[in-house]
Amino acid sequence: METSTDGTAEPSAEAAVPPGSLSPSRASDFMQCPLLYRFRVIDRLPEKPSEAATRGTLVHAVLERLFDVPAGERTAPRAKSLVPGQWDRLRESRPEVLELFTDDPDGERLARWLGEAEQLVERWFALEDPTRLEPAERELFVEAELDSGLKLRGIIDRVDVAPTGEVRIVDYKTGKAPRPEYAEGALFQMKFYALVVWRLKGLVPRRLQLVYLGSGDVMTYDPVLADLERVERKLLALWEAIRRATDSGDWRPRPTKLCGWCDHQALCPEFGGTPPPYPLPVRAAGERLPEAERGDSGQTPTAPVGVPESGDAEQGRMGPD
Ligand code: SF4
């Protein structure tokens, strides 16, 4: 789908397909708002690049590339010197990011934005010492299939492996650390990755580490097997709810203060809009898509936890962990 300036949806050349896998971001989307998940995963509506998200991508690229240089040269000035080159690469690979600065003819805002990226890179050196790190993996794409057929996938920023074989999963955040009451939500993504690593390698990561460059905080969590089993049950329940919504076409909007960051208000009933026509076949309750059309095994997981049996007002409402 393409969205025109008046908020109506125009058909896309790309045929919509049912969701076939789950990533931490898309799982969080569904928990935040099922309609947002539909817009992103099924309708694939375009979204405008944001300064914050693009800066995050740039900073991640710099931190990843810094490990290409010898350990002793991984200093803050060297890292900051990588910012302009990585910005050039980002502009080449994703030209749409230039939209962010079309109204900035003298380049003042761009210079400030690049300066903020440099500050975030510099702050990292107060939190970790890259001269003492040799990551086993950087920007690692992982994918694992659960016994139910659900595919989990994602990209892990950094994997460290100690000489003892213990694994640490590290994720960089360019925002601020959440307040303690929201820590569980922040850890959801890390437990998701830990579950994937456990399923792939048969070992439970020793430590999950979130590095918040925006506030200069490091949050760690040492998971145990029961944590990962709990996350797996939650994800199976979530996937079952997504399947029900996919089959019925019933994707409920769930307004929260996060709607302020949603690109799709013009198409959202909560804001007086109308979603585009649902692009997938609608099935009656109990009628399932043939396996070949589902993009997964089509098996139904047992004992869903925390998700209602039918699409009701609670759709998508479940804790992140
Ligand atoms: S505006 Fe809010 S309720 Fe509507 S789709 Fe976006 S996140 Fe959901």
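## Conventions

Helices (H or I, at least four residues) and strands (E, at least two) are DSSP runs, numbered from the N terminus. Residues are numbered from 1 along each chain as its sequence is written. The model is predicted: local features need pLDDT of at least 70, side-chain atom pairs count only at pLDDT 80 or more, and totals for chains, interfaces and linings use all residues.

Strand S4 (residues 137-145) runs antiparallel to strand S5 (residues 151-161), and eight bridges join them. Strands pair if DSSP finds at least two bridges between them. Phe 141 faces Ile 155 in S5. The S4-S5 hairpin has five residues between the strands, and Gly 149 there takes a positive phi near 100°.

Glu 139 lies in S4. Its phi is positive, about 45°, although Glu 139 is not a glycine. Glu 139 is partly exposed, with 14 other C-beta atoms within 10 Å. On this scale 20 or more such atoms means buried, 12 or fewer exposed, and in between partly exposed, with C-beta atoms placed from the backbone.

## Arg 44

Arg 44 sits in the loop between H2 and helix H3 (51-66). Phi of Arg 44 is near 50°, a positive value in a residue other than glycine. Arg 44 counts as partly exposed because it has 15 C-beta neighbours inside 10 Å.

## Ligand shell

There are 13 residues around the ligand; Cys 33, Pro 253, Cys 259, Cys 262 and Cys 268 come nearest. A residue is near a molecule if its C-beta atom, placed from the backbone, lies within 6 Å of it.
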